[in-house]
Amino acid sequence: MRLHHCGHWLARLTAILHHLQIISESCLCHPFALLTSSASASNSPLVRRYGSSPSVAAFVTSRPSKISSVRGASLSSESSISSSTAPLQSSPQHRFEVVAHSPVLGGDIIRIRPGPDEDDAEDSGFLTALGVPTFAVLPSHLQHSPPKDATINNVPADCPPRRLGLEAILQNQNAFLLINALTPSTCESILTLCEEELKFGNYHAGKNNHGAMQIVIPKHVADSLLTVIGPHVDLEGVSESEFELRSEESERTNKRKSYSMAGLNRRLRVYRYSPDQRESFAPHIDAGFPPGGVSLDDDDDDTIASGSRDSGGSDRPFLYWDASHQYSQSSEIVSRLTVLIYLNEDFSGGHTKFYSPRCESDRSSDWDRGETANGQASNDESFEDRVIASIQPRTGSILVFPQAVAEEAVERARYLWPLHEGSPVISGRRPKYVIRTDILFETNPSNEEELSMLPEDEARLFQHDEAVRQVFLPRSPAFSSLFLHHVESLYNPHMGVENFGPFLYSFIRFTKRRRIVEVGAGYTTLWILQALKDNELELQRIRDLDNEGRLRMLDYPFGTPALTDWDVSSPSYVPSSLLCIDNCEHQRQTASNAIGVAKTLGLDQYLNFLQGDAFDALGTHFSEVESIDMLWCDFGVGSRMAEYASNVWKYIKPGGFLVCHSTLTNRRTREWLEGLRGRKGEKVTGIPSNEYVELSLLEDHKRFQNSLTILQKRVGITGPFEEPIYSEYA
């Protein structure tokens, strides 16, 4: 071990020993360990970890605590590696031998050692027994001409990946397939690089048999790839998966953990399956991995970064199996989702198959893949009878599914989750090529953990923060693609309200308006209805917490007297409702369809629809003045706007709003608006000059239907409307 690494090792000794325990018990550094059944495996975790190879298992068992197996572990076990990689060039700026160049992966590629202790003969033999060809992309500052424009994520913006959900089949919120996530040219570039320039090693480990290599890519390339996958990941689903695998009842009673995405594992494992029906990856559950990295990225590793020795010497860059020290996060980082990237499809077979989970009554030897001479399972039931999903590789597609972290969770997952395999390629013009990597997560500290670090007096101020946070966090179908798909049928560009729908939703959620009138129904109707429903649900949660005495911030009451207005037993309670008025005479109207969509989404309980004239409707349906919280006026009356405002202003509550569409760039309505701005009085505008404040907004990229004006009523029958003051600063 080189002297300048001692600081890293001493500082992280506790973490290293922790990871060593995880690796020896949960097989994080060797996916094949997950395949061995209890019927045939040794009780030793290390034997299970390295499969049935006696030489490897015996060697590992004799040296179980070697730290180099943690920091410098490689992809998978094999007895020998064949690779004929030759240097492509040698940079005059440094002494790293560049063996290939890949713009989509970040530029110049060098071969690296599989761990930090290659100059130790015994460790070198051990890592060679485990290793596959290992490469890394040089940091851009060490390259002659780092690529500037090429990117792994070059799918056209107008052709985003299509998500196919597998949640119901695999019973997990984070099981999905992305179609056309990478372009065919990107896939072919990576495939050719690996096959013709880097060269695969031969990976033989028990029942796993295929070509393999690993490439550590730069962070910016990993981040670019994560932008393709990350938007489809359900973080709540990650928490649910972890909670599901807790085995002890006492643990299952604890609160669910919260996770944040920490990145994509930079250590890509590239697999090749030849079309001879002999290479496969047997059924298993994937375990979580620590973040991979390369010593080149160590800030204090100046000797390696400068390449002061030749590339074959002891200072040749090496793989970090666990590069957590290169991350800024304070909590442990580990992967919880598997990512498979299919690079080609010109073969038959090679499906990723998912099998029904094991159950306690069926831990039989058939899952040990014992086969007869004709290739069938050794028992009466064929394996194919247990297939619940079979994913056919398609070029540029990405498959995502969950992992289990720690051996106990892996063992439990065998009973609860589908096992998966890389099935043999039957025939084809060339082998199957697939990239395996992982999505990394960090555990967010719980409120209890944060409070435990504070003095008692200070902790008391924040003791209810988590409860308050949970009731105020936005939860709404309006933030889902499902809602958007339902309401998109109501959108018509002639109406120009594509941004008004979300705007009105947020406006109503913020101001907590309850009694709303909409003149000109359609696309915005559903956004208003969803806002009304979400307000009711949110205020119910808030009131429940208030009744428990926990609606407190800084140990001070957080609620206001306005909460009483949401109590159905209160005299001031007004049920949320939307009255839509539309004559349905516009040639491109969508108002009549809004009722059907509202019923589909379960929002029709808040909706009253009136087909009629906007000038007459309010007088016949509202006998009370100052009874409307908001009037959304989305119809063209032009020069009659003053007349209409005069008719409706009396029905709006003090503090309520008149919101009008398309007021700035059409001359007739603009004249009315300028009268308001100039305080020209009720005869000109229909509204007394001292009773309102005005705000107008313009969508300057559109010629028509491109603006809105918000008028808040500041004076009512009983006098001015005034907001309360509750604090000195906050």
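A residue is called buried when its relative accessible area is under 20%, exposed when that value is over 50%, and partly exposed in between, using a 1.4 Å probe and protein chains only. At 5% relative accessibility, Ser-627 therefore counts as buried.

Welcome to this structure, a predicted model in which local features need pLDDT of at least 70, side-chain atom pairs count only at pLDDT 80 or more, and totals for chains, interfaces and linings use all residues. Residues are numbered from 1 along each chain as its sequence is written, and side-chain values use heavy atoms, with hydrogens and water left out.

Of the 730 residues of the protein, 52% count as buried. Helices (H or I, at least four residues) and strands (E, at least two) are DSSP runs, numbered from the N terminus; the protein has 24 helices and 32 strands.

| Residue | Where to find the residue |
|---|---|
| Ser-577 | strand S25 (residues 577-582) |
| Ser-627 | loop between helix H21 (614-621) and strand S27 (628-633) |

A polar atom of the Ser-627 side chain lies 2.9 Å from the backbone oxygen of Glu-624.

As for Ser-577, its contacts (heavy atoms within 4.5 Å), leaving aside neighbours within four places in sequence, are with Arg-514, Arg-515, Ile-516, Leu-532 and Tyr-606. Arg-515 is 62 residues from Ser-577 in sequence, yet their C-alpha atoms are 5.2 Å apart in space. Across the protein, 79% of the contacts with a separation of 6 or more join residues 24 or more positions apart.

Note on methods. A polar contact is a pair of N or O atoms within 3.5 Å; within protein, one must be able to donate a hydrogen and the other to accept it, and residues adjacent in sequence count only if both atoms are side-chain atoms.
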